[in-house]
Amino acid sequence: MVGDGTARKPVYKAVSASLKVLQVLEALNDIGPAGLTAVHKRAKLPKATTLRMLETLCSAGYASYDPAGKVFAVGLHALALSQGYNAVDEIVTIARPVIADLRLDLGWPSDIVVCDNDRLVIADTNTRQAQFSVVRAGGAGSQLPFSISATGRAWLAFCPDDMRERILRFDNPHPQESRDLLAHPERLAAIISETRRRGYGLQSGEFFDSEAGAGVPIIVNGALRCCINIVTARNAVSLEQIERQYVPKLQRAAEAIAARAALGRP
């Protein structure tokens, strides 16, 4: 009987193709965003099979493909399967119109970024609607590194101490985490401390050569809920310009999102 603590004996044999697509999704979740070769090695499946499974996942919204970087990433449909996604969905719904207004004001795209199982993930982005073109390292569903992305630095600076300590063990680091910073944790600690003092994270060319940007936390009733950022072309906007012209507006957007979330309305 189901529910009496005993295992249920399967009636049918497991569907091989379904197991393979789940195997590929798990591999992509572990290492993504990643190219086909990296995923097939992680999944331990033939490359042709891995590609078929990835294309299947993309067609269903459980993965996405970035042709510029030639990488696959976990899609938002996969995030929706995780327990507790409703809380993420709520803050994304609240934040989306605010960053849409920000995009209209500044021209550059913004992301809404959440932390899921100690992985930093782009939950939503308005890159395609932005006035100014930016070649992105990844879209919605893509994972961001903590150490070298502006948003990752903002998250580390304002998340709870126990979460920060757990993340900084880097048991399963993002492929693009800075090996130099991992080898010199005192330098990373200094960056986190400076980010906390400023109130926002910065990066210029450290995560993706052509990108620069800033990330700020959304803190609701004392708890970090998500981060928002602005992403610019590195050759078009200096860090000084980002801090002077864009960060104050990004911070006001963060305050508006936090205020709406505290009241429980979009």
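Analyst: Among contacts in the chain between residues at least 6 apart in sequence, 60% join residues at least 24 apart. The model is a predicted one. The chain has 10 helices and 8 strands, and 46% of its 266 residues count as buried.

User: Why is Ala-150 called buried?

Analyst: Buried means under 20% relative accessible area. Ala-150 has a relative accessibility of 6%, and therefore it counts as buried. This residue lies in helix α6 (residues 150–158).

User: Which residues is Ala-150 in contact with, leaving aside its neighbours within four places in sequence?

Analyst: They are Gly-201, Leu-202, Gln-203, Gly-213, Ala-214 and Gly-215. As for Gly-213, 63 residues separate it from Ala-150 along the chain, yet their C-alpha atoms are separated by 6.4 Å.

User: What makes α2 and α3 roughly perpendicular to each other?

Analyst: The axes of helix α2 (residues 36–43) and helix α3 (residues 47–59) cross at roughly 105 degrees and come within 9 Å. Angles of 65 to 115 degrees count as roughly perpendicular, and the two helices are therefore described in that way. On the α2 side the contact is made by Leu-36, Thr-37, Val-39 and His-40, and on the α3 side by Lys-47, Thr-50, Leu-51 and Leu-54. Sorted by class, this contact has 4 nonpolar, 3 polar and 1 charged residues.

User: What makes both faces of strand β2 covered?

Analyst: On one side of β2 (residues 71–74) are Val-71 and Ala-73, and on the other are Phe-72 and Val-74; all of them are buried.

User: Why are β5 and β6 called edge strands?

Analyst: The open sheet has 6 strands in the order β5-β4-β3-β8-β7-β6, with antiparallel pairing. β5 (143–144) and β6 (201–204) each pair on one side only, and they are the edge strands. Strand β4 (residues 119–125) is joined to β5 by 2 bridges. At least two bridges are required for pairing, so β4 and β5 count as paired. The bridge partner of Leu-120 in β5 is Leu-144.

User: What makes a set of residues a nonpolar core, and which residues have the most contacts inside the largest one?

Analyst: The residues must be buried, of nonpolar types such as Ala, Val, Leu and Ile, and joined through side-chain atoms within 4.5 Å. The largest such core has 35 residues, and those with the most contacts inside it are Ile-218, Ile-228, Ile-242 and Ile-257. At least two residues of this core come from each of α5 (85–106), β3 (111–116), β7 (211–220), β8 (223–233) and α10 (239–263). The largest share, 9 residues, is supplied by α10. Apart from this core lies another, of 21 residues, including Leu-120, Ile-148, Trp-155 and Leu-181.

User: Which residues is Ile-257 in contact with, leaving aside its neighbours within four places in sequence?

Analyst: Ile-257 is in contact with Ile-91, Ile-94, Ala-95, Val-98, Ile-99, Ile-218 and Ile-228.

Conventions
Residues numbered from 1 in each chain as written. Predicted model: local features only at pLDDT ≥ 70, side-chain atom pairs only at ≥ 80, totals over all residues. Heavy atoms only, no water. Helix = DSSP H or I, 4+ residues; strand = E, 2+ residues; numbered from the N terminus. Buried < 20%, exposed > 50% of the residue type's maximum accessible area, 1.4 Å probe, protein only. Contact = heavy atoms within 4.5 Å. Axes fitted to C-alpha atoms, helices over the stretch in contact; angles between N-to-C directions. Parallel < 35°, antiparallel > 145°, perpendicular 65-115°, else oblique. Nonpolar A, V, L, I, M, F, W, Y, C, P; charged D, E, K, R; others polar.
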